[in-house]
Amino acid sequence: MDNHKNSLTDISYFPGCSLATSAKENNLSLLNLCRRLGFNPVELDDWNCCGSSSAHSIRSELADDLAARNLFLAPAGRPLLVACPSCMLRLRHMYIHLRDDEAARGYYEDKWNISFDPNLNILHFFELLPEANLPNLAKDSEHPLNGIRFVPYYGCMLARPPVMSREKNYYGLMEKILSSLGAEPLLWGYASRCCGTFLSVARPDVVRPMVNNIALGAKETGADCIVTACAMCHLNLEIRCDLREPVPIFHFSELLSLALGEDDHKGWFSRHIVDPEPLLRSKGLI
Amino acid sequence: MQTPENIWPSTYQLVGSASLHPPYNWSRGDGRTRRPLPVTRLLRTPRNGGIMKKENYSDLGETIKSDDSDFQFASEVKKRSGTDFNMCYHCWCCTGGCPFSHAMDYTPNGIIRLVQFGLKRKALESSTIWLCVGCNTCSTVCPMRIDMSAIMDTMRQMALEEGISVAEPDILNFHKEVLHSIEHYGRTHKLEIMLRYKIRKRDWFSDMDVGLKMLAKRKLDLMPSKVNDIGEIRKFFTDVKHKT
């Protein structure tokens, strides 16, 4: 076991506010997954909020500062793993800005007396997956997720501002990875529909019908569950869906961790508002 | 009147020009043509899911006079957002893709049109700039790759600087509470954000069930997660920067 631990590659890890608090189940299952894939995520020391939607909405320069601080905190020579698509967008957007704009880079370099690392590799956890051979890592069978019919929900993580339109695109990755583990992906029209983000608080009247449509869309395809890569989407889909029979929603990391045979899932699923355990039990997964 | 380049000239006939029309079929089927509608009518979001019915454009009261236009406005938005919105040819793809366009008073491309015309007040008073969450769906479908999210950010901030009345005060209050939390902890503390937002709004009972469910499922931490070097974060809030 110790040998196994030593062979893990250290990577910096930026959890972000959602995973650190309201979506701990996402965080725990993701950390499990990373270790199984041979990485040791080291939490970025003293990280701060990326600014979320609010900073760039009403104070752009603040959004720059908040994102920049995280980038300058990242130790050199290690990739920076980000779990939340929204944080990813903010951090990568700022990275591109700093890389291309000498004045902005100089401003922060003088401020903190640290030189900017233009080779900083900001990774979304999706980028760890294509290299990994997940069916081989699975414990008992090669297709542990047999029988699960799911619809993938990317939310707005595939949509980016034009300056980032040439960045890596992850469309189809959830389907590919989960189907390699035996689950059956279904096609639907809501895979990249926005979940409503913060309007869920200020304008629930707008978000509720949107979320209900997404849930109904999933039901119409005959899916058992929705799989999402974003903790924010997960929360909105759970709290704003008022259908009589809500659809269980999984974090992508939860299903992957479960497939690889992690057994501390009790702590994850008890944090779901829509209980996914009956579904998993009926498929013989727990 | 001063007319900077890339802006519609002030002599442009704004009302009744064919190029202003969205792709609707104007023929009445009886050989007569309908009277063209004023610009702002056309850019308002149809309330019935995109189909223009007679009752939606029966009110022809609102017309735009070019005298009202502020031609500095367009160049300011262009400069601050770093986005050339004059590339927009109003294909309405952004509006078709926008998940919130039904709730907005002007369509997303309608906002661009108002800016192009220099109609500062109308643009900054709209609910559209506040309902936009920056999901970037519009920029992704835009054939001209216009960064709509950057334009909306700029306009929101301009509206605040100009002290223009905010069409969606709840959304602004929410943003303020999130920033308040970041200023104090360096991270967002959801429970406090929600409580302070509710106090501001004097609305205790809506979403009580959701809040209790989230507490029961341990989705709302009682104590905030904090940054150690909070002085650094607070400096971001107080410093007035002069970046080149």
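**Entry 1: Met194(B)**

I looked up Met194(B) and found it in helix α10 of chain B. I note at the outset that the model is predicted. Is Met194(B) buried, exposed or partly exposed? Its relative accessible area is 23%. Buried would require a value under 20% and exposed one over 50%, so I recorded Met194(B) as partly exposed. I then turned to Leu220(B), which lies 26 residues from Met194(B) along the chain. The C-alpha atoms of these two residues are separated by 9.8 Å.

**Entry 2: α9(B) and α10(B)**

I next examined how the helix that holds Met194(B) packs on α9(B). Two packed helices are described by the angle between their axes and the distance between the axes. Helix α9 covers residues 169-185 of chain B, and helix α10 covers residues 190-201 of chain B. I noted an angle of about 140° between them, with the axes 9 Å apart. Roughly antiparallel would need an angle over 145 degrees; α9(B) and α10(B) are therefore oblique to each other. The crossing of α9(B) past α10(B) is right-handed.

Which residues make the contact? From α9(B) I listed Asp170(B), Asn173(B), Phe174(B), Lys176(B), Glu177(B), Val178(B), His180(B), Ser181(B) and Tyr185(B). From α10(B) I listed Glu192(B), Ile193(B), Arg196(B), Tyr197(B), Arg200(B) and Lys201(B). I sorted the residues of this contact into 5 nonpolar, 3 polar and 7 charged.

**Entry 3: the four-stranded sheet of chain A**

I moved on to chain A, where 4 strands form an open sheet. In what order do the strands stand? The order is β2-β1-β3-β4, and the pairing is parallel. Strands β2 (39-43) and β4 (122-124) of chain A are the edges, each pairing on one side only. From one strand to the next, the twist averages 40°.

I then followed one pair within the sheet. Strand β3 (residues 80-82) of chain A runs parallel to β4(A) and is joined to it by 3 bridges. Leu81(A) stands opposite Leu123(A) in β4(A). Helix α6 (residues 85-100) of chain A packs on the sheet and touches β1 (9-14), β3 and β4 of chain A. The direction of α6 makes about 155° with that of β4(A).

**Entry 4**

Last, I looked up strand β5 of chain A, residues 149-153. How many of its 5 residues are buried? I found 4, and recorded the strand as mostly covered. Strand β6 (residues 184-185) of chain A runs parallel to β5(A), and 2 bridges join them. Phe150(A) stands opposite Pro185(A) in β6(A).

Technical notes: Residues are numbered from 1 along each chain as its sequence is written. Chains are lettered from A and ligands numbered from 1 in the order in which they are written. This is a predicted model: local features need pLDDT of at least 70, side-chain atom pairs count only at pLDDT 80 or more; totals for chains, interfaces and linings use all residues. Side-chain values use heavy atoms; hydrogens and water are left out. Axes are lines fitted to C-alpha atoms, for helices over the stretch in contact, and angles run from 0 to 180 degrees between N-to-C directions. Angles under 35 degrees count as roughly parallel, over 145 as roughly antiparallel, 65 to 115 as roughly perpendicular and the rest as oblique. A crossing is left-handed if the near helix is turned anticlockwise from the far one by less than a right angle, and right-handed if clockwise. Contact means heavy atoms within 4.5 Å. Ala, Val, Leu, Ile, Met, Phe, Trp, Tyr, Cys and Pro count as nonpolar, Asp, Glu, Lys and Arg as charged, and the others, Gly among them, as polar. Buried means under 20% relative accessible area, exposed over 50%, partly exposed in between (1.4 Å probe, protein chains only). Two strands pair if DSSP finds at least two bridges between them.
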